[in-house]
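Here is a short report on charge pairing in a protein model.

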Amino acid sequence: MTLTIYNTLTRRQEPFETVEPGKVKMYYCGVTVYDYCHLGHARACIIWDVVRRYLQFLGYEVTYIQNFTDIDDKILNRARQENSSMEAVAERYIQAYFEDMTRLNVKEADAYPRATHTMNGIQRLIFELEQKGYAYPADGDVYYAVKQFPEYGKLSGRKLEDMQAGASGRVDAEDPEGRKKQEPFDFALWKAAKPGEPAWESPWGAGRPGWHIECSAMVRDRLGDTIDIHAGGADLIFPHHENEIAQSEAVTGKSLSRYWMHNGMVKVNGEKMSKSLGNFITIRELLDRPTDPMAVRLFVLQAHYRKPIDFTDEAIAAATNGWHTLREGLLFGHQFAKLFSDSRLPTPDSLLPEVVQRFKAAVNDDFNFPNGLAVLQPLAKELAREGNLLVHQGKTETPPEELQRQWYTLVTLAEVLGFTATIEADTMTNDGLSDTEIEAMLEQRQAARKAKNFAESDRIRDELQACGITVIDSRDGTRWHRN
């Protein structure tokens with residue numbers, strides 16, 4: 001089955017065909033860096049991370065660009081509150097972003113352009129718009145003349161006449177920006193400098209760019225005139241992405257993106273997340289509760305990316321339980337490595353082809369990650385069951401060679417979804433005992449039993465129990481497992 005994607009622009013699901021065969025140019029409208037990232041950011045970043053991973057799994061060479069908006073009124077307001085600077089605020093929250101994404105196992109983009117680093121490209125684009133008659137200066141500002149672009153509204157489905165009627169009553173004599181515009185719905189490409197604010201020199205005077213022109217310039221600078229996927233939250237469809245199309249396509253005469261993809265919003269207990277409602281949750285607040293980052297990833301991927309998702313305590317608890325089962329399966333090959341005849345890394349030939357095909361068939365349907373997860377969960381449960389048999393009975397019902405292929409398949413496909421569980425991170429007890437140290441203590445215990453020093457044998461067993469290790473003696477030998 002060929003990968004098909006729902007395209008916001010055409011409002012239908014379409015076969016995925018790239019501009020250049022085998023290569024994907026992908027741009028995600030990133031965060032405005034004035035505060036810590038919240039649950040909405042977590043969802044978006046996880047989704048586009050997995051879209052990129054899956055495209056790479058299919059064999060595409062993906063160039064993934066994500067911007068930082070580091071010029072914005074919110075950043076300036078935060079700087080004033082802290083008696084700081086826009087640069088200092090932006091830098092602090094950019095670093096916080098990377099810390100949060102590392103915990104969520106979100107891979108870094110190929111590049112993170114910033115508006116402040118793209119000023120030449122921004123001004124060049126505004127100049128070209130002005131030369132082509134799509135932009136006009138007004139007392140140090142520059143505005144985009146929306147009426148000059150006949151296709152305006154094609155992404156959002158909004159009609160210009162409706163927007164004109166809706167905007168006509170919003171302009172009054174006390175609105176200096178409104179008085180500068182030729183039409184109420186025209187939007188700013190460049191804003192004249194205000195006292196006490198950062199500004200850059202330009203052909204129209206000192207000032208700073210509007211928000212929408214920044215992304216148009218960054219896409220063009222990093223990926224060219226036409227890209228394959230432009231991604232972002234559904235709240236960006238209008239006006240941000242609509243305005244990007246108007247700016248970019250007016251200059252190049254080419255489609256800005258072949259596919260426009262948008263993720264649904266996050267609600268908290270059925271309500272829109274907002275600071276005023278007191279239900280605003282940052283990523284680090286959630287993870288520090290503590291909540292396992294992989295459980296957060298599972299929570300996000302259990303819902304289709306285009307649908308709204310409701311964050312509740314019950315939902316995250318269910319995702320945590322689901323992650324525990326998946327984690328058990330992922331750790332099977334680490335905990336029972338001696339069962340396998342070799343320790344080679346997974347290769348395409350070592351996977352179960354029927355499982356891989358079911359996984360692809362599920363996800364190829366507009367990145368249906370919930371259905372992809374449904375393919376992995378039975379595999380994880382089966383490995384967890386076999387691991388339980390090994391611990392308590394010392395044997396499995398499935399041949400080791402088949403278990404190895406199941407485990408390789410689970411690990412490979414889980415990695416596509418960004419799930420990892422390593423023996424180094426997950427099998428250490430609070431006292432820091434590794435598998436090797438446990439085995440050494442059991443050898444000491446066995447020597448004590450042979451010497452009929454049962455007091456020493458019991459002492460070692462109790463010490464291991466205190467560290468969360470249960471020792472089981474049977475006719476087939478001694479086994480152990482972590483509680």
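## Salt bridges overall

The model is predicted. Searching the whole structure turns up 33 salt bridges.

## Arg-208 and Asp-73

Arg-208 and Asp-73 join their side chains in a salt bridge, with an N to O distance of 2.5 Å. The two residues come from distant parts of the chain, 135 residues apart. Arg-208 belongs to strand E8, residues 207-209. Asp-73 belongs to helix H2, residues 73-81.

Asp-73 is partly exposed, because its value is 38%.

## Glu-397 and Arg-385

A salt bridge also pairs Glu-397 with Arg-385; their closest N and O atoms are 3.1 Å apart. This pair is 12 residues apart. Glu-397 sits in the loop between helix H13 (369-393) and helix H14 (400-416). Arg-385 lies in helix H13.

Glu-397 counts as exposed, at 59% relative accessibility. The cut-off for exposed is over 50%. Arg-385 has a relative accessible area of 34% and is therefore partly exposed.

## Asp-462 and Arg-461

Asp-462 and Arg-461 form a salt bridge through their side chains, at 3.4 Å from N to O. Asp-462 is partly exposed, with 44% relative accessible area. Arg-461 also counts as partly exposed, at 31%.

## A four-residue network

Which residues are linked in a network of salt bridges? They are Asp-35, Arg-78, Glu-82 and Arg-92.

## Charge totals

The protein carries 57 positive side chains and 71 negative ones. The centres of these two sets lie 2 Å apart.

## Fold and surface

The secondary structure consists of 17 helices and 15 strands. The C-alpha trace spans about 95 × 55 × 40 Å along its principal axes. Take the contacts between residues at least 6 apart in sequence: 75% of them join residues at least 24 apart.

The protein has 483 residues, and 51% of them count as buried.

Key. Residues numbered from 1 in each chain as written. Predicted model: local features only at pLDDT ≥ 70, side-chain atom pairs only at ≥ 80, totals over all residues. Heavy atoms only, no water. Helix = DSSP H or I, 4+ residues; strand = E, 2+ residues; numbered from the N terminus. Buried < 20%, exposed > 50% of the residue type's maximum accessible area, 1.4 Å probe, protein only. Contact = heavy atoms within 4.5 Å. Lys, Arg positive; Asp, Glu negative; His and termini not counted. Charge placed at Lys NZ, Arg CZ, Asp CG, Glu CD.
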